[in-house]
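Please find my notes on this model below.

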Amino acid sequence: MKILGFQSGHDVSYTLLENGVPSIHEELERFSREKEPLGDGLKMALDRLPASIINDVDYFCLGNYGMYQPAGINKWGPRGCYFQQYVDTMNTVLQKNNGKFFELGHHKSHASNAFFSSNCENALIITMDGGGGEENGVVSAFTVWEGRGNKIYPIDIIPINQFNLGGLWNKYTAQVFGLSIGAPKGSQVGTVMGMAALGNPDTFKENWRNINLMKAKANESEQNQFDIAAILQQYTETIIREKIGHYLKLYPNQNLCLSGGVALNCVAIGKISTWYPELKTVYVDPVPYDGGLSLGSARYVWHHILDNPRIQWTDNASSYLGAEYTKDDIESALNRSDIQYQKVSDDDVLKLLDDQKIISIFNKGSESGRRALGNRSIIADPRSSKMKDMINEKVKHRQWFRPFAPSILREQVTNWFVQDVNSPYMDKVIHFKDEVKHKVPAVVHFDGSARLQTVTKNDNEWYYNFIKKWFEVSGVPILLNTSFNDREPIVETPEHAINCFIGTNIDYLYFSDVQLLVEKNKNND
Ligand SMILES: [Fe+2]
């Protein structure tokens, strides 16, 4: 059984769910090469997938209630959504297969993605974002659900005018810090979160709500910006803590599943299990922002509506949902670019890392979500105190204060961090143990924390084995991991990888599943 979920407007994506398991999830920005463009997810799906697959689809769904207009009404107009021809194709397929189209609530879809991609049999589910419409007509930025087996039930849907944490962050990011919250640069709210680690939340404690004053203060000094970010972060953590506590009291549960764009605040998420140690699981799905609505709505149709049983994931639901490229695809892309390459082994690449080289990795299907998790990553030796500046200078061109993340073998977490957490999608920030953090200075943030990716063999076999071998070479079970891009969306195809490699000073490009290595030299500049 095939279900096709799509998300239109912003964070455009589509998902093909086959018997409950996503076989592909793609976001428009990876192909448009502009961050967070507006567009039509149905068009994207029908353009990308072969007709043989589309003809087999039994259900189509949109996880953004109120956004869909029946054929012929082009609500989004200039934004380019909802072309008649694609709606016609969908309707023809549905008629042939006796299928159905579902338009589901925005937060219902977030909540579904969080719960059904987790391994929790029961959970309290909380979604937080900048707002979206539910089927009862309420527009909300905060909802609470209970997940039981293959169903989710609403507990509370707070109207957006009463609570809007995502809106608050967007407002400060744009108006106070002058940063982007959409196309073409993409959302930079994460930058503000990173700044908070350098600030003192007490400086503007009394008047941080005065946005005009904060705009003026932010212009005065960088330290003021850090201090404003710090109080915004502190407020966010306080309010999230209160809300979770309130609902856990009313609906006790050992498991908490979270989604919505605010769940990208990995600093707050990392603290939840210290606030509520009774929680056995704190889980955030890999695509908690609106790019995950196509996944969530399709999962809701499969489990809740069609009553299919839950799926047990080995370790974690895969986030590597992009299309896979063959050896032929890779070699012809290299040949088209007239790039020289050679066959190598993982051991050769480990040696290069040990020699302080910066290496971009291209491995099978891309990871869905905002974080690179080893398949479209730039990796480097975390032991070097100079590595952070080197990567910023050679590749990423971003603010000096932004941290780089560690990928760590899952079983090594307790040796390095103060809490034993599962963070497969880089969803949590926690602190290094004081006695070891000097060993990996390139991945320690100013306050001693890190946004870690915990890696298991089931999650990513190649990456796990590679870090394990790196541990033998270097003595640390940790690699520096940052996304394979330079201010653009994460690379998707072999061509994107080659273009990014050529346009930056990354030392090597390694196509790891086919073990082909490209060296930056005079022939390949
Ligand atoms: Fe959302």
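1. Mean pLDDT for the protein is 94, with 96% of residues at 70 or more. Where pLDDT is low, the predicted coordinates should not be read in detail.

2. The iron ion has four protein donors, His106 (NE2), His110 (NE2), Asp129 (OD) and Asp290 (OD), at 2.1 to 2.2 Å. Their spacing along the chain is H-x3-H-x18-D-x160-D. The angles among the 4 donor atoms run from 85 to 174°, and the site is irregular. Four donors count as tetrahedral only if all angles lie between 85 and 135 degrees.

3. His106 is buried, at 1% relative accessibility, and His110 is buried with a relative accessible area of 1%.

4. Strand E19 (residues 478–483) has 6 of its 6 residues buried, so the rest of the structure largely encloses it. In a regular strand the side chains alternate between the two faces of the sheet. In E19, Ile478, Leu480 and Thr482 cover one side and Leu479, Asn481 and Ser483 the other, all of them buried.

5. E19 pairs antiparallel with E15 (residues 376–380) over 4 bridges, where Ser377 stands opposite Ser483. E19 also pairs antiparallel with E16 (residues 405–409) over 4 bridges; there, Pro406 has Leu480 as its bridge partner.

How values were computed
Residues are numbered from 1 along each chain as its sequence is written. This is a predicted model: local features need pLDDT of at least 70, side-chain atom pairs count only at pLDDT 80 or more; totals for chains, interfaces and linings use all residues. Side-chain values use heavy atoms; hydrogens and water are left out. Donors are N, O and S atoms within 2.8 Å of the metal (3.2 Å for Na, K and Ca); water is not among the atoms, so sites may look incomplete. Four donors count as tetrahedral if all angles lie between 85 and 135 degrees; four count as square planar and six as octahedral if opposite donors are over 155 degrees apart and all others between 65 and 115; anything else is irregular. Buried means under 20% relative accessible area, exposed over 50%, partly exposed in between (1.4 Å probe, protein chains only). pLDDT is the predictor's confidence in each residue, from 0 to 100. Helices (H or I, at least four residues) and strands (E, at least two) are DSSP runs, numbered from the N terminus. Two strands pair if DSSP finds at least two bridges between them.
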